[in-house]
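Please walk through the structure shown here, beginning with a single residue and ending with the whole chain.

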Amino acid sequence: MNKIILKNKMRLVTGLILFGFFFPKTQAQNIKLIPQPQELISSEAEFSLKNSQDLWVNSSKHNDFALKQLKDELSEQMGISSELVKSPKKASIILYALDDNPDSKIKKYLPNSEKLQEIGEQGYWLKIEKDQIKLIANTEKGLFYGVQTLRQLIQTAKNKSLPALEITDWPALEYRGWMDDISRGPIPTLEFTKDAIRKLSEYKLNFLNLYTEHTLRNEKFADIAPLDSFTPEEINELEEFAAKYHVVLIGNQQAFGHMEEILKNPFYDEIADNKWNLNPGSPATYEFLDEYLGDAAQAYDHPFFNIGADETDGLGSGKAKALVDSLGMEAVYAMHINKLDEILKKHGKRTMMWGDIAVNHQEIIDRLPKDLIILSWGYDPRDSFDKAILPFKESGFDFMVAPGVRSWSEIYPNLDVAVKNIANYVRDGKEYGAMGMINTAWDDDGETLFNANWHGIVWGAEMAWNPIESQEEARAKEERASRLSAFNKGFDKLFFEMPDDQSIMQSLNKFRELRQIPVFGSMTNASVWGSIFDFYPEEEVEKVATTNKNMLKQATALAQELKEKAKLAGEEKIAIEVARNAAERAAFAAKKNLFILDLQKAHANPEAVSKERIKETRNKLFKELHHLKMDYINIWKAENREYWLAENLNKYDETARELLDLETHVFIDAGQALRPGEMEIRLSTLYPDTEIRYTTNGGEPTKESELYDGSLSITKNAEVKAKAFKDGQEGQISAKYFNVHKALGAKPQIKGRVSTANPAYAAGGPGGLTDGLKGSEDFGDGRWQGYAGQDIEVVLDLKTKTEINEISADFFQRLISWILLPESVEFYVSNNGENFKKVAVAQNPIDPQDQGLIIENFSSGELKEKARYIKVIVKSMGPLPEWHTGAGKSSFIFLDEIIVK
């Protein structure tokens with residue numbers, strides 16, 4: 001059959017005119033439907049909706065529900081009454097879902113058998129003529145989806161009339177769903193989840209997956225789930241509700257990695273390998289899972305069940321070390337998956353799992369149960385996802401693709417990345433026979449609100465029903481742009497219910513412009529919460545001032561624009577309020593960054609900035625922060641339960657405490673090296689006549705502790721704690737732990753530019769490599785220096801010829817964050833700073849594909865050198881390798897203190 005595809009339709013118009021048909025270009029372009037149907041033919045005629053409508057349907061529980069939706073739409077949108085009639089002859093609107101033996105009275109209204117075969121189980125055929133509308137499907141599900149299309153046509157109807165047209169439509173993918181993370185922050189209310197099911201069924205999504213680590217109540221393990229968690233009874237209620245909308249809930253329970261919320265409970269220590277992973281070497285693990293996972297499986301009716309098993313960081317680094325050393329990581333991983341599969345099969349479930357570990361260690365694949373459903377995931381905007389899909393396709397596994405809405409840890413979702421990621425992943429999934437799409441909405445830092453995710457989720461519905469086709473990226477980019485333009489117009493009208501001359505999407509796309517402003521931290525939540533006492537490298541100050549002034553101006557304007565447009569929107573005003581709040585947070589972060597520059601000037605030169613001006617700015621920031629907090633509480637409660645709200649509000653409170661501590665905050669800074677192995681420590685406040693008391697033995701400073709008189713140095717490792725006292729006010733305690741070595745306080749000369757992705761990656765500037773401060777397991781703690789896509793050269797001047805016995809530095813690896821250990825580290829010495837002698841090379845001993853958090857020390861080994869200068873050259877691994885989800889993009893190097901013994 002020669003198909004007329006809507007997206008290619010205009011190319012066929014000329015040929016069709018020759019055969020006596022005319023389909024007006026402007027009318028076809030004005031039809032707003034999400035998702036775009038597979039085939040659409042329109043004409044100049046119209047069907048009038050000005051009068052009462054007579055409807056006929058073959059009655060059933062599901063068909064009657066779809067009929068009610070249509071009747072409500074006619075009544076609410078058009079003010080039109082409708083009545084049921086007993087014969088299709090008398091009906092102006094016919095709805096019919098075929099059964100095995102169609103009634104003879106309906107046969108003449110059916111399309112030909114080729115169309116019925118083409119639309120399949122979930123498709124429909126809709127024909128709107130001047131005098132009658134016919135909606136035919138093979139199943140009740142198909143009829144429901146056809147009704148959603150008809151409802152959208154009614155919602156956008158002009159002059160109470162519908163365009164005459166014929167739609168033949170079916171989904172590209174059988175399973176089209178979304179995943180909501182209910183474990184790393186917000187847990188949505190039952191009513192909000194029901195509302196999401198209702199809304200998203202209108203765009204023909206058909207399953208929901210609630211990502212669960214510890215948030216499904218189980219009375220046998222009553223100390224695991226928070227009291228606000230979902231209960232099995234709520235899951236059953238959701239399933240019953242969703243069935244009306246032809247949506248199913250697919251069960252989900254992490255059962256390998258990401259178990260830290262359970263494993264931090266000391267009563268589950270026996271089943272822990274490390275703080276993230278279960279221990280596959282302990283029988284107790286499987287006794288626990290047999291009940292805990294088994295009960296979770298029984299809570300859901302659907303036969304599919306997702307066990308997670310992604311990002312099993314550091315498997316074998318704890319209690320499972322002997323097992324992993326003996327069998328190998330791959331064998332242990334596969335063994336555990338097989339045992340989980342056995343547990344689920346006892347409950348009649350078919351196992352789904354994330355595919356990242358297996359795709360990066362492909363020897364695992366052949367050891368997995370062959371009836372697994374693999375979830376191939378990745379969230380970057382790749383031109384092609386073949387490498388993430390083909391290993392499973394070629395091994396014969398059923399699979400789904402799992403793109404993402406890119407909202408996690410962001411002030412507002414990165415719409416551009418999400419659009420390309422979703423479109424290309426679904427396209428490639430369809431090409432290789434994917435069962436479906438699961439569009440992910442993660443909550444990594446716990447702040448993300450689902451009401452920010454609608455565009456990405458509905459774009460996923462658009463692509464899963466009717467994906468883009470172009471494979472070559474230049475053409476794919478054009479096709480995405482064309483589809484996105486039409487989609488955004490439809491989204492404005494169908495989701496936001498905006499007047500024809502107004503667009504919310506034009507405003508939301510301005511977050512792209514904010515993201516392009518090169519401020520430290522860009523549009524991440526972390527940029528809002530950085531400490532006001534973490535100063536910028538001096539060489540970046542001018543740029544920071546310029547970019548943040550620009551950010552403040554644009555973000556403030558966008559917030560006001562969204563506030564005004566929200567007044568024009570329909571029921572989804574809350575989604576616009578969430579976007580407005582995001583713009584206000586971006587503006588606040590910019591104001592705070594400019595305030596930091598004032599503090600930085602005042603700290604360097606007490607006369608440079610008026611102290612009264614600083615207090616005035618502080619007070620304004622304090623008031624604005626309180627407004628943002630109250631606003632966040634309101635938009636949180638519009639969708640979520642209380643759980644985790646206090647954790648997020650604590651970020652507001654911590655920033656408020658810093659602002660209040662302005663007069664009494666003590667800065668603890670590494671000073672100059674007095675001689676090798678001894679470094680000056682400087683304590684200071686912004687305001688004169690402030691008394692500072694300190695300790696160097698880890699004790700809490702009090703009024704009776706040592707008084708700082710301007711002179712303090714350390715010659716051995718020490719934790720310096722300090723507190724200020726002024727006018728009866730006590731400040732917060734400041735603390736830093738210093739590691740003493742021979743290069744302590746030496747000023748590094750660095751060839752390499754620190755990453756601007758986060759202010760913390762500068763670690764206070766070049767001196768961060770010799771300030772005695774070691775990094776933690778958090779690479780964003782302000783102690784690690786981060787560099788992207790480059791080698792690094794560091795030269796240290798020890799000021800005098802010094803005996804050198806060892807040179808070393810720690811480096812960080814975490815694949816999920818694109819951080820790799822260096823390929824090698826070279827060590828040199830010199831007496832004149834010009835002619836250097838290579839004395840050692842440390843090669844990377846770790847497999848770049850090793851998962852987890854890895855901190856590795858690169859050392860010169862024992863040396864017997866005497867020199868004034870030291871040079872360290874760090875060789876990058878280069879772009880991320882082909883096996884990485886971010887293949888081709890710049891990898892990061894993170895290092896902390898360069899230690900000389």
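A contact here means heavy atoms within 4.5 Å. Leaving aside neighbours within four places in sequence, Asn421 is in contact with Gly378, Tyr379, Asp380, Pro381, Phe385, Pro403 and Gly404. The model is predicted, so to speak of local features takes a pLDDT of at least 70, and side-chain atom pairs count only at pLDDT 80 or more, while totals for chains, interfaces and linings use all residues. Residues are numbered from 1 along each chain as its sequence is written, and side-chain values use heavy atoms, with hydrogens and water left out.

Asn421 is found in helix 15 (residues 415-431); helices (H or I, at least four residues) and strands (E, at least two) are DSSP runs, numbered from the N terminus. With a relative accessible area of 0%, Asn421 is buried. Buried means under 20% relative accessible area, exposed over 50%, and partly exposed in between (1.4 Å probe, protein chains only). The side chain of Asn421 reaches the backbone nitrogen of Gly404 at 2.9 Å.

Helix 12 (residues 329-345) comes next. Its 17 residues reach 24 Å from the first C-alpha to the last, close to the 24 Å expected at 1.5 Å a residue; the expected span is 1.5 Å times one less than the number of residues. Buried residues in helix 12 include Val332, Tyr333, His336, Ile337 and Leu340. An α-helix has 3.6 residues a turn, so residues three or four places apart point the same way. The buried residues of helix 12 pack against helix 10 (283-298), strand 11 (304-306), helix 11 (321-327), strand 12 (350-354) and helix 13 (356-360).

Met329 lies in helix 12 and counts as buried because its relative accessibility is 17%. Not counting residues up to four places away in sequence, Met329 touches Leu315, Val324 and His361.

Now the strands, where two of them pair if DSSP finds at least two bridges between them. An open sheet of 3 strands has the order 16-17-20, with antiparallel pairing. Strand 16 (667-675) and strand 20 (713-714) stand at the edges, each with a single partner strand, so one side of each is left without a neighbour in the sheet. Strand 16 is joined to strand 17 (residues 678-684) by 6 bridges, and Asp669 has Arg682 in strand 17 as its bridge partner.

Elsewhere, strand 26 (residues 792-804) runs antiparallel to strand 24 (residues 749-751), with 3 bridges between them, and Ile750 stands opposite Val794 in strand 26. Strand 26 is also joined to strand 31 (residues 865-875), through 9 bridges and again antiparallel.

Finally, the whole chain. Its secondary structure comes to 24 helices and 32 strands. Buried residues make up 60% of the 901 residues. Of the contacts with a separation of 6 or more, 74% are between residues 24 or more positions apart. The C-alpha atoms fill a box of roughly 100 × 65 × 60 Å, taken along the principal axes.

Notes: Polar contact = N/O pair within 3.5 Å; in protein donor to acceptor, adjacent residues only side chain to side chain.
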